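The sequence and the structure come first.

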Amino acid sequence: MMPSLEPARSWPSRVWGDAKQYPAAFNLATILATGIVVTAIIYLPFAARPFDVVDFGDFLPLLRNNPTILTQLEALIRRYLDEGRLNVIPYFFIATKWFFFGWLVPLWQTARFLQMWLIVLGVYVVLRELGVARFGALCGAALFVVAPPGMAAWVRLTVAEPLGTLLLLLATHLAIGYQEDERWRLRAIGIVLVLLAIAFTKEMLLAAAPFVL
């Protein structure tokens, strides 16, 4: 059944509040800049560290012994398919980062730092679209910086949860705007495709699919 089309507020208005409240937007931008500086001090993405042996102990031989991204991806898939894991999308990104970054761990860490900040921003946007007040949305987004599960994601460079969380936030964003979008069929297709991507990124995150639907 075609969803009813409700009066739509503009996207900036849903996220920032009244689009004319420029001081509020400036304050949020200041908070964002401060947050980026603070998290950079906490997690030191530019610091030279060794690869984490927990995951890279398995990954590095497969990456070093295969000359191309495709053969590296194939080796990763074969290695973990025996364990019933088919996280093709994060394996692809691991092979891609190895191709571009190699042994330069700070570049791996910087890529994860940017990814985590996309999550923080995505959580804020989704909470605002759900009607949460600015302060509540900021607190919810801040949990991904200071809560123990979130803290681990900033430094464990091979875990797939950050990418899966980004996809989950995208699916939620598409679902929130579903009722008021004239192109609701495209949104429905997009939601299904993103959920499929989550299945091949971190299958456990599909437990949140009923919330999206």
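A search of the whole structure finds 14 aromatic pairs; rings of Phe, Tyr and Trp (its six-membered ring) pair if their centres lie within 6.5 Å, and planes under 30 degrees apart count as stacked, over 60 as edge-to-face and the rest as tilted. The rings of Tyr 43 and Trp 154 are stacked, because their centres are 4.7 Å apart and their planes stand at 5 degrees. This pair joins distant parts of the chain, 111 residues apart: Tyr 43 belongs to helix 2 (residues 22–43) and Trp 154 to helix 8 (residues 148–155). Helices (H or I, at least four residues) are DSSP runs, numbered from the N terminus.

The model is predicted: local features need pLDDT of at least 70 and side-chain atom pairs pLDDT 80 or more, while totals for chains, interfaces and linings use all residues. Residues are numbered from 1 along each chain as its sequence is written, and side-chain values use heavy atoms, without hydrogens and water.

Burial is given below; buried means under 20% relative accessible area, exposed over 50% and partly exposed in between (1.4 Å probe, protein chains only).

| Residue | Relative accessible area | Class |
|---|---|---|
| Tyr 43 | 9% | buried |
| Trp 154 | 4% | buried |
| Trp 98 | 12% | buried |

Trp 98 and Trp 103 form an edge-to-face pair, since their ring centres are 5.4 Å apart and their planes are at 70 degrees. Both belong to one aromatic cluster, whose members include Phe 51, Tyr 80 and Trp 108. Arg 79 lies over the face of Tyr 80, 4.6 Å from the ring centre; the criterion is CZ of Arg (or NZ of Lys) within 6 Å of the ring centre and within 35 degrees of the ring normal.

The second largest pocket has a volume of about 340 Å³. A pocket is an open set of points on a 1 Å grid where a 1.4 Å probe fits, with protein on both sides within 12 Å along at least five of seven lines; lining residues have an atom within 4 Å of a point. Of its 20 lining residues, Ile 119, Val 123, Phe 144, Thr 165 and Leu 169 are the closest to the centre. Helix 9 gives the most to this lining, with six residues.

Helix 6 (105–129) also supplies at least two residues of that lining. Of its 25 residues, 18 are buried. Just after helix 6, Gly 131 takes a positive phi of about 95 degrees.

Conventions: Points joined across faces, edges and corners; volume = space filled by probe spheres on them.
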